[in-house]
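Good morning, everyone, and thank you for making time for this. I would like to walk you through one model, slowly, for those who have not seen it before.

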Amino acid sequence: MSRAARKVNNLSVIYFFVPAKMQICSVCSEQTPKYRCPACKIRYCSVGCYKTHKETCLPVEPPAPSEPEANGAFTTEPWGVEDLLHEEDIRDKVSMQRLQLLGQSKELRDLLCNPHLRQLLRSVDTADSKYDAMKDAMQEPLFIEFSDRCLKIVEN
């Protein structure tokens with residue numbers, strides 16, 4: 001847990017940043033998992049762990065749809081960033097330690113005090129088409145400044 005302090009109206013305010021629970025490889029229980037088994041959805045960290053796992057893998061069978069129209073429906077199963085990344089995209093993945101630096105940045109906290117930026121971020125988050133929402137948001141100088149600061153922090 002890390003700590004930051006800030007003066008607000010002559011009062012010292014202390015912020016505590018608690019890191020999110022780190023996941024570990026379901027096979028070796030040592031490393032942070034980078035991959036997910038397509039058959040049973042467990043997380044593993046390496047090709048070696050995958051080879052070990054596939055000997056005992058028990059594929060998860062999808063539940064039978066309750067209605068005939070449900071065959072093309074969206075899933076409500078929770079997902080994470082790993083579900084969006086393919087093996088070739090892993091090089092673009094940002095480590096949890098780097099992401100935690102975002103929460104510790106005074107510059108980002110100051111930018112997030114701006115209600116217009118918060119509204120832009122909400123509109124991207126709730127948009128049906130994230131691509132179009134990001135395209136629109138990137139026309140706003142304030143959003144570009146926020147994006148650039150985030151990238152500078154995580155890319156160092």
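I will talk about salt bridges and then about backbone angles.

Please keep in mind throughout that this is a predicted model. When the whole structure is searched, 2 salt bridges are found, and I will take them in turn.

In one of them, the side chains of K106 and D110 come together, with a distance of 2.8 Å from N to O. These residues belong to helix 4, which covers residues 106–111, and because K106 and D110 are 4 residues apart there, about one helical turn separates them.

Let me now turn to the backbone. Most residues other than glycine have a negative phi. With that in mind, please look at S29, which is not a glycine and yet has a positive phi of about 55 degrees. S29 lies in the loop that runs between strand 2 (11–17) and strand 3 (35–36), and with 44% relative accessibility it is partly exposed.

K41, also not a glycine, has a positive phi of about 75 degrees; it is placed in the loop between strand 3 and strand 4 (43–44), and its relative accessible area of 37% makes it partly exposed.

Notes:
Residues are numbered from 1 along each chain as its sequence is written. This is a predicted model: local features need pLDDT of at least 70, side-chain atom pairs count only at pLDDT 80 or more; totals for chains, interfaces and linings use all residues. Side-chain values use heavy atoms; hydrogens and water are left out. Helices (H or I, at least four residues) and strands (E, at least two) are DSSP runs, numbered from the N terminus. Buried means under 20% relative accessible area, exposed over 50%, partly exposed in between (1.4 Å probe, protein chains only). A salt bridge is a side-chain nitrogen of Lys or Arg within 4 Å of a carboxyl oxygen of Asp or Glu.
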